[in-house]
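Dear colleague,

Please find the structure below. My notes on it follow.

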Amino acid sequence: MRGSRLRLIASRSTAETVPKPHSAARGHRMGTVALFTSLLLMLSGGPATAAPAETAPPGAVPDCSSPGAKCIALTFDDGPAPRTGELLDILDAHGVRSTFFMVGYQIERHPATVSLAHSRGHEVANHSANHPDLTELSESEIRAEISEVNRQIRREIGFTPPLMRPPYGETNATVERIIREFGMTQVLWNVDSEDWKDHDSATIAHQVLDDARPGAVVLMHDIHDTTIEAVPTILDGLSERGYTMVTVSQLLSGAHADMSRVDDAPALPYGSGSAP
Ligand SMILES: [Zn+2]
């Protein structure tokens, strides 16, 4: 399935953390992700018959392409935030690597957290400089939103991140094209923790564990205390269910990745985009 260059777009979350100035429905949004995902899983043989995979020991590179692999990627948006360091400690204690989609203004507030996350093996990715709806900006403004964060991340860890998540999951052909022109892969999500809604850690954990499936990308936000507090339960629950928690780039390297949440740009193993 990997060579099919699928250009499916994950459904937009009902909301993201930052209130949107214009919430009118857009025609380009696709509400059929579940259908696409089901179709994709059917075509790929489906994960339902997969045997549980052992959780990779800390430091090991998980093989998400192996038969029976149950990989899932936890992602944290809108940081780095004051408690991101604490979250890193929790993840590290469980031997879990995650992907952090960082916002430019937060990087300026917590620059050391960028290198801290990277040095501990987590993936640092781009979530725009100011968290706007990119579909409402001019092309030059979109480029500025992306390039500014690439510059900040390069400054902190020495290379350009390969992944970009548009704020609110709002994207269109122009945004996708510009992300590709940067040599980056657009990543949305297909499991929404809805951690912006109730701010109750038990509800967040249930939401993730109920919706978890092999190959999924889970949206969370490290700016919420209740999300941080839900993570230990989520990690324990996913481990008990046989999941291996990986970064998005690690997930993309596997044949069983659910491509409904990524653009069709080629997946780059994390770290391969190390050119300045
Ligand atoms: Zn966001």
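Is S128 buried or exposed? S128 is buried, because 24 other C-beta atoms lie within 10 Å; a residue is buried if 20 or more other C-beta atoms, placed from the backbone, lie within 10 Å of its own, exposed if 12 or fewer, and partly exposed in between.

This is a predicted model, in which local features need pLDDT of at least 70 and side-chain atom pairs count only at pLDDT 80 or more, while totals for chains, interfaces and linings use all residues. Residues are numbered from 1 along each chain as its sequence is written.

S128 is not a glycine, although its phi is positive, at about 85°. H131 also has a positive phi, near 60°, and is a residue other than glycine. H131 counts as buried, with 21 C-beta neighbours inside 10 Å.

A cis peptide bond, with omega of about 0°, joins G79 and P80.

The largest nonpolar core comprises 56 residues, and I72, A73, M102, V217, V218 and M245 have the most contacts inside it. Such a core is a set of buried Ala, Val, Leu, Ile, Met, Phe, Trp, Tyr and Cys residues joined through C-beta atoms within 7 Å. Helix 8 (residues 225-240) gives the most to this core, with 6 residues; helices are DSSP runs (H or I, at least four residues), numbered from the N terminus. Not counting residues up to four places away in sequence, I72 touches A212, P214, A216, V218, L238, Y243 and M245, where contact requires C-beta atoms, placed from the backbone, within 7 Å.

Yours sincerely

How values were computed:
Helix = DSSP H or I, 4+ residues; strand = E, 2+ residues; numbered from the N terminus. Contact = placed C-beta atoms within 7 Å.
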